[in-house]
Amino acid sequence: MAPVKIKFGTSGWRGVIADDFTFDRVRIVTQAIADHITAQGLKEKGVFVGYDTRFLSERFAVEAVKVLAANGIHCYLSNRDVPTPVISFEIIRRKTAGGINFTASHNPPEYNGLKFSPAWGGPALPETTTDVEARANALLEKNSIIGIPFTEAKEKGLVEEVDCRKAYLDDLRKKVDFDPIRKAKLKVAVDLLYGTGRDYLDAVLRDAGCGVTVIHGQRDALFGGRSPEPSEENLAELSSLMKKGRFDVGLAVDGDADRFGIVDTGGTFINANQMLALLLDYLCRTRGWSGGAARSIATSHLVDAVAKKHGIEVYETGVGFKYIGDLLVQGKIIFGGEESGGLTIKDHVPEKDGVLACLLTAEMVAREKKSLKDLLKRLYKEVGMILNHRVNIGLTESNRAAVHARLNQPLTELDGLRVKGKKTTADGTKYMLEDDSWVLMRTSGTEPVVRFYAEAGSEARLRELVDAGVKYVLGQ
């Protein structure tokens, strides 16, 4: 029986541990990356290797180092679990040929993953992952990957264990204005969701004089029995803490600290789309930067409304932060974000950074001296109300084929409204409706779900669109 092919999704190769994601397959993909780097003539620059808090992540990282070392490639191995944006920072700082990160980000605990970032520091673009995929699947047939013992790699000087924390946090201190944070003496509740954000987000806030209360700050490879995603549901405990205590803001990062989640005073969850618009507006008012803003196709047009207010151009990208990172490297944007909780800014790494997003939120709250709800009300008055929602619709073996067939058919109307325009990409189809609301449907690259997005100008209209969309996807 032919082995199951290795396939990279929007953010790397992911699979269920011990089923699809195994030591043998990790060695194969690592060898494919080594061959890719060698073919580019970048072998001498070395590779950074990091990992998150998932089960066996550090073991997978060591296996990758053994394969890279056998190819004569110098490895910088993180001495502990490390946030994804820190790996991007280290690739750029050390001028390596790229980085390998063992993480499945916000996916359920049974998953792990391998993410490759090339020399420019952002997530690999399709032309890179296509090459690595092809090399890996060719190697699957051979299954004879060479590695050397870890001790031998160290003796030969081919592996260097490094501490990344200080350099990264020192760099953040240049990009976030901590003066208003220090003056405000913020009380902050932080949910680290058992991930890599510990000793990063909480530590830098304490250094700035904040009163910090941390929950879920220890490593737990099961993430408390749920996905380490900073969603409203998963931040219920943080919300409860905010209701009980007198905190100025609640901050959270996902399992590998590249996504953010924000809870306002009183325990109100502020979704990522709202936060992106608030932060873009804040940065435009306080930094004096010029340039564009980028958002993914599934991200709120509230970002567009803010951009219009400040006279800056908007770039709409496909799903996957690699496209936003590419625009940042090209110097076209000062700000990039996606609705799943990803953000970066001018002169920062071309990768999502949840720690940065949380610190900018703390800066904004401290400087404005207002709750996020009040800031959002002010923004809606200035640019108009735009509301959004995302639903994950589970697929089963019995309905998968029918749902996929339905999504491949063009939609002409939804909930009695005519479709006036559409945009189809590899990530799904976005339909603009005649009342200027919109919906988007896409299948996940890593989970058996259809992601349904809706946006409208009122709560009532949004609920109607979501109900109609779920029924359409499921054929009800």
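Where is the place of Lys377? A few notes on this predicted model follow, starting with that residue.

1. Lys377 is found in helix α14. With a relative accessibility of 52%, Lys377 counts as exposed, because the cut-off for that class is over 50%. If you want a through-space reference for this lysine, take Asn273: the two C-alpha atoms are separated by 14 Å, while the residues sit 104 apart along the chain.

2. Staying with α14, have a look at its packing with α13. The axes of helix α13 (residues 354-368) and helix α14 (residues 372-383) come within 10 Å and cross at roughly 80 degrees. The two helices are therefore roughly perpendicular to each other. On the α13 side, the contact is made by Thr361, Met364, Val365 and Glu368; α14 brings in Leu372, Leu375 and Arg378. By class, the residues of this contact divide into 4 nonpolar, 1 polar and 2 charged.

3. Helix α3 (residues 84-94) and helix α6 (residues 165-175) have axes that come within 10 Å and cross at roughly 95 degrees. An angle of 65 to 115 degrees counts as roughly perpendicular, so α3 and α6 are described that way too. Here α3 supplies Pro85, Val86, Phe89, Glu90 and Arg93, and α6 supplies Ala167, Tyr168 and Asp171. The contact of α3 with α6 holds 5 nonpolar and 3 charged residues, with no polar ones.

4. Now to the rings, where the count comes to 6 aromatic pairs. One of them joins Phe60 and Phe102, which are stacked at 6.1 Å centre to centre with 20 degrees between the planes. This pair links distant parts of the chain: Phe60 belongs to helix α2 (residues 57-70) and Phe102 to strand β4 (residues 98-102), 42 residues apart. Both phenylalanines are buried. Together with Trp13, Phe21 and Phe23, Phe60 and Phe102 form one aromatic cluster.

5. Lys187 lies over the face of Phe247, at 5.3 Å from the ring centre. Lys430 lies over the face of Trp438, at 4.3 Å from the ring centre.

6. Finally, two backbone angles to check by eye. Leu56 has a phi near 70 degrees, a positive value in a residue other than glycine. Leu56 is placed in the loop between β2 (47-51) and α2, and is partly exposed, with a relative accessible area of 21%. Asp199 likewise has a positive phi near 70 degrees and is not a glycine. The loop that holds Asp199 runs between β7 (187-191) and α8 (201-207), and Asp199 is partly exposed, at a relative accessible area of 35%.

Note on methods
Residues are numbered from 1 along each chain as its sequence is written. This is a predicted model: local features need pLDDT of at least 70, side-chain atom pairs count only at pLDDT 80 or more; totals for chains, interfaces and linings use all residues. Side-chain values use heavy atoms; hydrogens and water are left out. Axes are lines fitted to C-alpha atoms, for helices over the stretch in contact, and angles run from 0 to 180 degrees between N-to-C directions. Helices (H or I, at least four residues) and strands (E, at least two) are DSSP runs, numbered from the N terminus. Angles under 35 degrees count as roughly parallel, over 145 as roughly antiparallel, 65 to 115 as roughly perpendicular and the rest as oblique. Contact means heavy atoms within 4.5 Å. Ala, Val, Leu, Ile, Met, Phe, Trp, Tyr, Cys and Pro count as nonpolar, Asp, Glu, Lys and Arg as charged, and the others, Gly among them, as polar. Rings of Phe, Tyr and Trp (its six-membered ring) pair if their centres lie within 6.5 Å; planes under 30 degrees apart count as stacked, over 60 as edge-to-face and the rest as tilted. Buried means under 20% relative accessible area, exposed over 50%, partly exposed in between (1.4 Å probe, protein chains only). A charge sits over a ring if NZ of Lys or CZ of Arg is within 6 Å of the ring centre and within 35 degrees of the ring normal.
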